[in-house]
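Colleague: I'm new to this one, could you walk me through it?
Modeller: Gladly, let's start by bringing it up.

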Amino acid sequence: MKNAFVETSNYRRFTSALTRLDDRGAEEACMVVVDGKPGLGKTATMSRWTTQTGSIYLRAQKGWDYSWFIQEILAELSITNVPNRKRDRFRLVIERLDDLGTSAALEGRPFSLVIDEADLISSKPEVMEGIRGISDLKFLPTILVGMGKLRDHLRRFPQIESRAPNKVEFLPATLDDARDLITGLCQVPVAPGRRMPERMVGRLAPRDPRPRHQGVQHRQGRQDQPFGDLHPAAPRHRGRALAARDAGYP
Ligand SMILES: Nc1ncnc2c1ncn2[C@@H]1O[C@H](COP(=O)(O)OP(=O)(O)O)[C@@H](O)[C@H]1O
Ligand SMILES: [Mg+2]
């Protein structure tokens with residue numbers, strides 16, 4: 001596998017939500033919620049986005065309280081001389097984010113604050129209010145990334161929910177995405193027209209929640225999917241193609 005990022009339909013829906021944010025009527029509606037099951041590429045997309053735009057990325061931790069959150073953001077902003085007073089720390093964060101946002105605007109680049117794994121903090125009012133406070137002061141686009149619980153928890157914070165009319169749900173790969181992912185990530189050319197390797201399907205869609213015996217039928221049902229094997233000459237095992245890694249290919 002190549003270590004590359006592939007622009008999938010989820011990525012395109014995410015970037016168009018960010019574009020809509022630029023054209024929003026109400027300035028305070030500057031939050032975007034990104035959610036979807038694990039493994040669908042949310043973190044990979046945020047990593048791509050922050051690299052492209054110079055945005056600030058934080059990964060929430062279960063134990064975050066307001067002080068820990070501010071400490072993390074100060075570190076991410078490379079502020080080493082941290083003031084003692086809570087108020088001064090907050091002011092410094094706002095000033096630095098404002099500077100970064102202004103430079104980005106001058107260069108015509110979008111700038112935002114990304115909080116990944118936001119489910120872990122979405123039931124903590126002091127942290128959520130802290131994020132809203134930072135986002136609100138300069139209408140800083142803020143992206144909250146999480147799974148199913150995030151949307152439910154946000155309903156408890158109408159003042160945040162009202163700022164996040166833009167929601168992007170990450171969905172399992174479409175056939176076109178799968179084709180692009182195979183082309184973009186495989187180190188060997190893949191012939192079209194043969195079934196997609198099971199291991200690839202597992203990477204692209206959430207785990208099949210059905211009981212094991214039904215899952216097997218489900219996988220057998222994929223036999224006729226129009227995708228190539230990872231290696232054109234991949235050996236077959238009990239009637240199914242092996243992924244290149246299993247078959248001993250590099
Ligand atoms: N668009 C993509 N291009 C390349 N690799 C991807 C892409 N989307 C996801 N992946 C890979 O799939 C795996 C799971 O993605 P991840 O971003 O961690 O999912 P999530 O954050 O939604 O749980 C990672 O190894 C990631 O590198
Ligand atoms: Mg993730």
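Colleague: What share of the residues in the chain is buried?
Modeller: Bearing in mind that this is a predicted model, buried residues come to 30% of the 250 residues in the chain.

Colleague: And how many helices and strands does the chain have?
Modeller: Its secondary structure consists of 10 helices and seven strands, and of the contacts with a separation of 6 or more, 75% are between residues 24 or more positions apart.

Colleague: How many residues are in the largest nonpolar core?
Modeller: That core has 36 residues, and the ones with the most contacts inside it are Val32, Val33, Val34, Val114, Ile115, Leu144 and Val145. Strand β1, covering residues 31-35, gives the most to this core, contributing four residues. As a general point, nonpolar side chains tend to be buried together in soluble globular proteins.

Colleague: Which residues does Val34 touch, leaving out those up to four places away in sequence?
Modeller: With those left out, Val34 touches Phe14, Lys42, Ile143, Val145, Val168 and Phe170.

Colleague: Switching to helices, at what angle do α3 and α5 pack?
Modeller: Helix α3, residues 66-76, and helix α5, residues 125-137, pack at about 40°, and their axes are 8 Å apart.

How values were computed
Residues are numbered from 1 along each chain as its sequence is written. Chains are lettered from A and ligands numbered from 1 in the order in which they are written. This is a predicted model: local features need pLDDT of at least 70, side-chain atom pairs count only at pLDDT 80 or more; totals for chains, interfaces and linings use all residues. Axes are lines fitted to C-alpha atoms, for helices over the stretch in contact, and angles run from 0 to 180 degrees between N-to-C directions. Helices (H or I, at least four residues) and strands (E, at least two) are DSSP runs, numbered from the N terminus. A nonpolar core is a set of buried Ala, Val, Leu, Ile, Met, Phe, Trp, Tyr and Cys residues joined through C-beta atoms within 7 Å. A residue is buried if 20 or more other C-beta atoms lie within 10 Å of its own, exposed if 12 or fewer, and partly exposed in between; C-beta atoms are placed from the backbone. Two residues are in contact if their C-beta atoms, placed from the backbone, lie within 7 Å.
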